[in-house]
Amino acid sequence: MVTSEAIQRTKKQPIRTCGINPNHWYVVAKSVEVKNEPVSVTLWKEKIVLYRDNANKIWALEDSCPHRRVKLSEGQVVANTLECAYHGWRFDERGNCVAIPYLQDKQKIPHCQVKSYPVQEHDGFIWLFLGDENPDTVPPMRIPEWEHLNYIASVATIDCRGHFSFLIENIMDMHHGHLHDDYQAWASAKLINIEESEQRVDAYYEAQSYYKIDKIWSISQLFFPSLRQLHPDPLTVRYIYPHWTSTLGDDFKLYCLFCPIDETHTRAYLLHFTSLNAFWRLHKLPIPFRRFIKNRLFGAANGFLAGLVKQDVKMIEQEQEAYLAHPERKCYELNRAIASVQRLIQTQAANPQHPRP
Ligand code: FES
Ligand SMILES: [Fe+2]
């Protein structure tokens, strides 16, 4: 439970405009989205440029040239430095200005520095730490299924005009299966229990599921309702601030990796993993062949995810619009998990220097 001391420290911001705790690792891009050119991203109102050096290592700088404040992401990578498009000043990976093409003999490079951010690349994504705390003390979420040969991944990008609280509430409230009809892998979710701390909310549901991957054709259940047979399965959703993960039975796993842009705009990546654990014969095949299968099937459920996302985004954007039109109006809530989620968002925003568990 959230301790009374934490509640006392908490100066609650209104939930629909609540800020983020910057002292976490946020996902700002897929690895494949950053190639040779600089890429501009935004994380909670901060404009950031990502680029790769000659060794393929990712770096992140404030997307603003100190000379005239144009975007560095308009420039290019030259000899491991980021070169501004306007007058060609160059910055190293720490943001130091290291070259100016028209510097004259007696002139010195001004002592200007671009802000740099801790950044990591793992599990298919680029993770960035915005805050001032030591990033080494805050482990990023890990996605072991990304590399694991027994899991097939699919990914959808969520881009919605809504505060991130609307999105996390959407995916913590399993009663909204009503919206998805044929897309949803479960039905009749009932909330059984909630566990809550200053770092996370775990909500345990019991649901009826048709999802069981034990035959080679099992994946087709996603697309053909007539093939489905319902059985009871535990459905667990976890808000491990600032990201989310969910399991349904043994074969179905989801993640949602957050990149809140500002109070009314959220980006996130929704990942779906289908397990091949039941196919024991497959596990005896040579590893290169298993990797080939994993890569060939990558994205098999992209259409399924995109369908879910489209329906959810439509609802979330309507919630945001309704809030902006009448922020004073109250909503009615029956799911206890939503109050826990809101408490966690507000506690994290008010106490960014939380000691880690
Ligand atoms: S504005 Fe960047 S070099 Fe002049
Ligand atoms: Fe949904």
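Which residues are buried in helix 2? In this predicted model, the list runs to F164, S165, F166, L167, I168, E169, I171 and M172. That is eight of the nine residues of the helix, which spans residues 164–172, so helix 2 is largely enclosed by the rest of the structure.

The protein chain has 357 residues, and buried ones make up 36% of them. Its secondary structure comes to six helices and 17 strands. As for how the chain folds back on itself, take the contacts between residues at least 6 apart in sequence: 62% of these join residues at least 24 apart.

Back to helix 2 and its helical partners. Two packed helices are described by the angle between their axes and the distance between the axes. Helix 6, residues 336–350, is one partner: its axis and that of helix 2 come within 10 Å and cross at roughly 145 degrees. This crossing is right-handed. On the helix 2 side the contact is made by S165, I168, E169 and M172, and on the helix 6 side by A337, I338, V341, Q342 and I345. Sorted by class, the residues of this contact are six nonpolar, two polar and one charged.

The class count for helix 2 with helix 5 is four nonpolar, two polar and two charged residues.

Strand 3, residues 46–52, is joined to strand 4 by five bridges, and the two run antiparallel. Within that pair, L50 stands opposite A60 of strand 4.

H67 has 15 C-beta neighbours inside 10 Å, so it counts as partly exposed. Leaving out residues up to four places away in sequence, H67 touches C84, H87 and W89. For H67 and C84, the sequence separation is 17 residues and the C-alpha to C-alpha distance is 9.3 Å.

Further along is a hairpin made of strand 9 (residues 119–122) and strand 10 (residues 125–129). Four bridges join these two strands, which run antiparallel. One pairing puts Q120 with W127 of strand 10. The hairpin has two residues between its strands, and D123 takes a positive phi near 55 degrees there.

Strand 14 has partners of its own. Strand 13 (residues 200–209) and strand 14 (residues 231–240) run antiparallel and are joined by 10 bridges. In this pairing, A207 has D233 of strand 14 as its bridge partner. Strand 14 also pairs with strand 15 (residues 243–248), again in the antiparallel sense, over six bridges. L235 stands opposite L248 of strand 15. Strand 14 and strand 15 form a hairpin, and two residues lie between them.

Strand 15 is also where H243 sits. Is H243 buried or exposed? H243 has 22 C-beta neighbours inside 10 Å, and therefore counts as buried. Setting aside neighbours within four places in sequence, H243 is in contact with M141, Y255, C256, L257 and F258. H243 and A268 are 25 residues apart in sequence, while their C-alpha atoms are 9.2 Å apart in space.

Note on methods:
Residues numbered from 1 in each chain as written. Chains lettered and ligands numbered in written order. Predicted model: local features only at pLDDT ≥ 70, side-chain atom pairs only at ≥ 80, totals over all residues. Buried ≥ 20, exposed ≤ 12 C-beta atoms within 10 Å, placed from the backbone. Pairing = 2+ DSSP bridges. Contact = placed C-beta atoms within 7 Å. Axes fitted to C-alpha atoms, helices over the stretch in contact; angles between N-to-C directions. Left-handed = near helix turned anticlockwise from the far one by under 90°. Nonpolar A, V, L, I, M, F, W, Y, C, P; charged D, E, K, R; others polar.
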